[in-house]
Amino acid sequence: MVYQRCARCVMDNASDPTIEFDERGYCNYCNNAVAYRNKKYFPDGIDRLRAIVEQIKVDSKENEFDCTIGISGGLDSSYVLYLGAKMGLRMLAVHIDDGLDTGVAKRNIAGLCDAAHAEIQYIHPDKEQYADLLLSFFKAGLSGVALPQDNILIRALRECTNEYGIKYLLSGSNFALEAILEHSAGVSAKDKRHIKAIHNQFGSKPIDKLNLESIVGFYMSRLFSPVKTILPLNYIDYNKDRAFQELADFCGFEYYGGKHHENVLTRFMQGYYLPVKFGMDKRKSHLSSLVISGQLSREDALAELEKPTYESPELQNADMNLLAEYFGMTRQEFDRILEVPAKQHSDYRMSVLEKIEPCTRMFKIRKG
Ligand SMILES: [Zn+2]
């Protein structure tokens, strides 16, 4: 296959056989993003957002909370929480503390929730079982090693909204910074059947203490207790640099490196695991989104891609040592696991209901 890079954004065919280019040399990702931009993104829609927030308050006046937000410590969900605070929402933040948050992320989450007067619920998955499940994804040679974390958050959000009778979920998903998401693993984060199939084959401990979400459970719950998902960032002129600055002024929010670098697992995944094992550089889609939303020139995006995927070799080494220790093994043992042949998620059993979830993309669920 001849190497080709999009003439408008910075997506290419290096790791993505599904990418297509038109006669101008533009790819299907940015063509789609441009085609849907006016339907999904309303940078001057602040009045619409205010009206939505007022409705949320009316609908929730009998409740303790107006809405739930899953927060990762990353920019997008943090900024949603900040926006909610500015608009006077009573928010319940939910965070999965898997023991792999960076120090910066921990400080950011605590400082932000405090300043926003948001209640925070930390979910602590059973350490031993969670580590065993995570490790089974590495042993299976799969790219979606963040899938268990996503799954557990989806379940936790569902339970929290149900428990408090909350009617609205605010999400950090957005067009401006995520207009382009590379087709990745092609598996739903809600697919408990898939997660259990991987673990049955490669795990060594029970995972009965982990509260996992299933596709059926998720949709049945939505059927009987409808929760509306709002994407506030699509109603404002959402700019990455400005958002960081505002958060810094609001609560001393610190910059943590690249997108999804707030957690050691996702930082390792994006900085080393995906590029080295699968030839995937997620920065291409993050940077392409910024190009399409006019926040970065294509030239600057290309220059950014020339930089190493990890901030420094020392940090990479430290993260790998930390993960090895997390899995209760030596660094050499972990390195050997990383060398197992790469596989597709479709090589393992999946739920037949995957078909009703054609648009679900990993990396999009929680992180903000
Ligand atoms: Zn493109």
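Me: How do you know that strand E1 (residues 67-70) is joined to strand E4 (residues 168-170)?

Reply: Two bridges join E1 to E4, and the two strands run parallel. Two strands pair if DSSP finds at least two bridges between them, so E1 and E4 are a pair. The labels are DSSP runs numbered from the N terminus (helices, H or I, have at least four residues; strands, E, have at least two). In E4, leucine 170 is the bridge partner of isoleucine 69.

Me: What kind of model is this, and how are its residues numbered?

Reply: This is a predicted model, in which local features need pLDDT of at least 70 and side-chain atom pairs count only at pLDDT 80 or more, while totals for chains, interfaces and linings use all residues. Residues are numbered from 1 along each chain as its sequence is written.

Me: What joins E1 to strand E2 (residues 91-96)?

Reply: Four bridges join E1 to E2, and these strands run parallel as well. Isoleucine 69 stands opposite alanine 93 in E2.

Me: What makes the unit of E1, helix H3 (residues 75-86) and E2 right-handed?

Reply: A crossover is right-handed if, with the strands pointing away from the viewer, the path from the first strand over the helix to the second runs clockwise. E1, H3 and E2 make a β-α-β unit of this hand.

Me: How do you know that E2 and strand E3 (residues 119-123) pair?

Reply: E2 and E3 pair in the parallel sense over five bridges. Isoleucine 96 stands opposite isoleucine 123 in E3. The chain crosses from E2 through helix H4 to E3, and this β-α-β crossover is right-handed.

Me: Which way do the residues of E1 point, and are they buried or exposed?

Reply: Cys67 and Ile69 point one way from E1, Thr68 and Gly70 point the other way, and all are buried.

Me: Into which class does histidine 117 fall, and why?

Reply: Histidine 117 has 11 C-beta neighbours inside 10 Å, so it counts as exposed. Histidine 117 lies in the loop between H4 and E3. Although it is not a glycine, its phi is positive, about 50°.

Me: Into which class do glycine 141 and valine 340 fall, and why?

Reply: Glycine 141 has 18 other C-beta atoms within 10 Å and is therefore partly exposed. Valine 340, with 14 C-beta neighbours inside 10 Å, also counts as partly exposed. Glycine 141 lies in the loop between helix H5 (127-139) and helix H6 (147-164), whereas valine 340 is in the segment after helix H14 (331-338).

Me: Which residues does valine 340 touch, leaving out those up to four places away in sequence?

Reply: Valine 340 touches Lys139 and Gly141. Two residues are in contact if their C-beta atoms, placed from the backbone, lie within 7 Å. Valine 340 and lysine 139 are 201 residues apart in sequence, yet their C-alpha atoms are 6.9 Å apart. Beyond its neighbours within four places in sequence, glycine 141 is in contact with Val340, Pro341, Ala342 and Lys343.

Me: How do you know that the span of helix H1 (residues 28-40) agrees with what it should be?

Reply: The expected span is 1.5 Å times one less than the number of residues. The 13 residues of H1 should therefore span 18 Å, and its end C-alpha atoms are 17 Å apart, which agrees. H1 bends by about 30° at valine 34 (the angle between axes fitted to the seven residues ending there and the seven starting there). Its buried residues, Tyr29, Cys30 and Ala33, pack against helix H11 (283-292).

Me: What puts the buried residues of helix H9 (residues 240-251) on the same side?

Reply: In H9, Ala243, Leu247 and Cys251 are buried. They cover an arc of only 30° around the axis, which puts them on the same side of H9 (the arc is that of the directions from the helix axis to the C-beta atoms). The face turned away from this side carries the exposed residues Asp241, Arg242, Gln245 and Asp249. H3 and H4 (103-115) are among what covers the buried residues of H9.

Methods: Buried ≥ 20, exposed ≤ 12 C-beta atoms within 10 Å, placed from the backbone.
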